[in-house]
Amino acid sequence: MTPMIDMVFLLLVFFMVAAKPVVPERDIPMGLPGQVAQEEVVDIPDEARVIIEPNGQIVLNEQQLDTPNGTSLPELRAVLDRFRLSAENAKSEALVTLAPHDTVPHQRLVDVLNACAEAGIKGVTLAGGGDE
Amino acid sequence: MTPMIDMTFLLLIFFMVTQRITEQELSVPVRLPVALSAAKPEKTERDVINLDGEGNYYIGDRKATTEEVLAHLKVKFRDFPPLQIYLRADQNTPSKKIREFVEMATEVGAIDLIFGVFGKD
C-alpha cells in the first residue's frame with residue numbers, strides 16, 4: 001500500500017508543478033456594419049481619422065502624436081478626450097476611423113483602441129486599405 | 001487512511017485534466033497584444049479564430065487557409081445567426097491581415113467581432 005501512495009504523491013506533485021497558471025484573456029469588442037465592405041469613401045462630420053504609419057507613429061489631423069514606440073499614448077488620449085467633449089457639446093457621436101498601414105503590427109492597433117476606450121469613444125471603425 | 005488516498009487521487013486526476021486543457025489552448029503559437037482598459041469577457045458562445053504573427057489562420061487549433069476560414073464562418077453564421085467571433089491575433093500580426101479578417105467577418109454578416117487581448121502585465 002505505502003509504495004502506491006508514494007507513487008501517487010509523486011505524480012500529484014509532478015502535475016501540480018507542471019500546471020501552468022492560466023492568464024485570463026480580455027475582450028475588445030468591435031461592432032461590424034453587417035454588410036459587404038464599403039468601396040467608396042464616405043464623408044461623416046465629427047470624424048477623427050487616426051493614421052498609423054509603418055513605423056508605429058500616430059498621426060491625427062496631420063499632427064504627429066506621441067512616440068512611435070511607447071505603449072501608452074497620453075497625447076492621443078488627450079486629443080481624443082477633447083474631441084469627445086466637443087462632439088458631446090454638439091450633440092453628435094464622436095467617431096474615430098483607424099487607418100493603420102498594412103505592415104503595422106496588431107499590438108499598435110490595440111494600443112490605439114485602448115486609447116480610444118480610455119477617452120470614452122465608442123464609435124471606432126477600421127478603414128479599408130489603399131489610402132496611402 | 002483511505003479518505004486521504006481518495007482525496008489524493010481526486011487531486012491527481014484534477015491536475016492531469018487541467019494540464020490537458022492548458023496544453024490545448026496553448027498549442028497555437030499566439031502572443032496576444034496587451035490592452036489595459038479591455039473589458040472582462042462575458043460568458044457567451046463564441047467562435048474562436050486564431051491568427052499567428054505570420055498571418056496564418058487557425059480554426060480552433062487546426063491550421064486553415066483564408067478560403068477555409070471564410071467557408072467556416074459562413075457555415076457558422078448560417079447555423080448560429082448572431083455569431084460572435086473571437087479573434088485571437090498575435091501582437092505582431094500585420095494589420096493588413098486583421099483588416100482582411102474584419103472584411104471577411106463583415107462579408108458573412110457577422111456584427112460582433114471581439115479582439116482577444118491580455119489585461120494588465
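Over all chains, a search of the whole structure identifies 7 salt bridges. One of the pairs within chain A joins A:Arg77 to A:Glu118, with 3.9 Å between the closest N and O atoms. Because A:Arg77 belongs to helix α2 (residues 74-89) of chain A and A:Glu118 to helix α3 (residues 106-118) of chain A, this pair ties together parts that are 41 residues apart in sequence.

The structure is a predicted model, with an ipTM of 0.71 and a pTM of 0.73. For chain B the mean pLDDT is 80, and 92% of the residues reach at least 70. Among the elements of chain B, the lowest mean pLDDT, 79, is found for helix α1 (residues 2-26) of chain B, and the highest, 85, for strand β2 (residues 57-59) of chain B. Where pLDDT is low, predicted coordinates should not be read in detail.

The interface between the two chains brings 52 residues of chain B into contact with 46 residues of chain A. About 4300 Å² is buried between chain B and chain A, and carbon and sulfur atoms account for 65% of it. Of the area that chain B buries against chain A, 16% is supplied by B:Phe15, B:Arg99 and B:Phe115, which is more than any other three residues provide.

Polar interactions across the interface comprise 10 residue pairs in polar contact, with both residues at pLDDT 80 or more. Between chain B and chain A the count of salt bridges is 1. A:Asp102 forms a salt bridge with B:Arg99, and the closest N and O atoms of this pair lie 2.9 Å apart. Two or more residues on the side of chain B that touches chain A come from each of α1, β4 (84-89), α3 (95-108) and β5 (112-118) of chain B. The greatest contribution to this side is that of α1(B), with 12 residues. Classified by residue type, the side of chain B that touches chain A contains 30 nonpolar, 11 polar and 11 charged residues.

Strand pairing also links the two chains. Strand β1 (residues 25-31) of chain A pairs with β5(B) in the antiparallel sense, over 7 bridges. Within this pairing, A:Ile28 has B:Phe115 of β5(B) as its bridge partner.

Key: Residues are numbered from 1 along each chain as its sequence is written. Chains are lettered from A and ligands numbered from 1 in the order in which they are written. This is a predicted model: local features need pLDDT of at least 70, side-chain atom pairs count only at pLDDT 80 or more; totals for chains, interfaces and linings use all residues. Side-chain values use heavy atoms; hydrogens and water are left out. pLDDT is the predictor's confidence in each residue, from 0 to 100. Helices (H or I, at least four residues) and strands (E, at least two) are DSSP runs, numbered from the N terminus. Contact means heavy atoms within 4.5 Å. Buried area is the accessible area (1.4 Å probe) that two parts lose on being put together, summed over both. A salt bridge is a side-chain nitrogen of Lys or Arg within 4 Å of a carboxyl oxygen of Asp or Glu. A polar contact is a pair of N or O atoms within 3.5 Å; within protein, one must be able to donate a hydrogen and the other to accept it, and residues adjacent in sequence count only if both atoms are side-chain atoms. Ala, Val, Leu, Ile, Met, Phe, Trp, Tyr, Cys and Pro count as nonpolar, Asp, Glu, Lys and Arg as charged, and the others, Gly among them, as polar. Two strands pair if DSSP finds at least two bridges between them.
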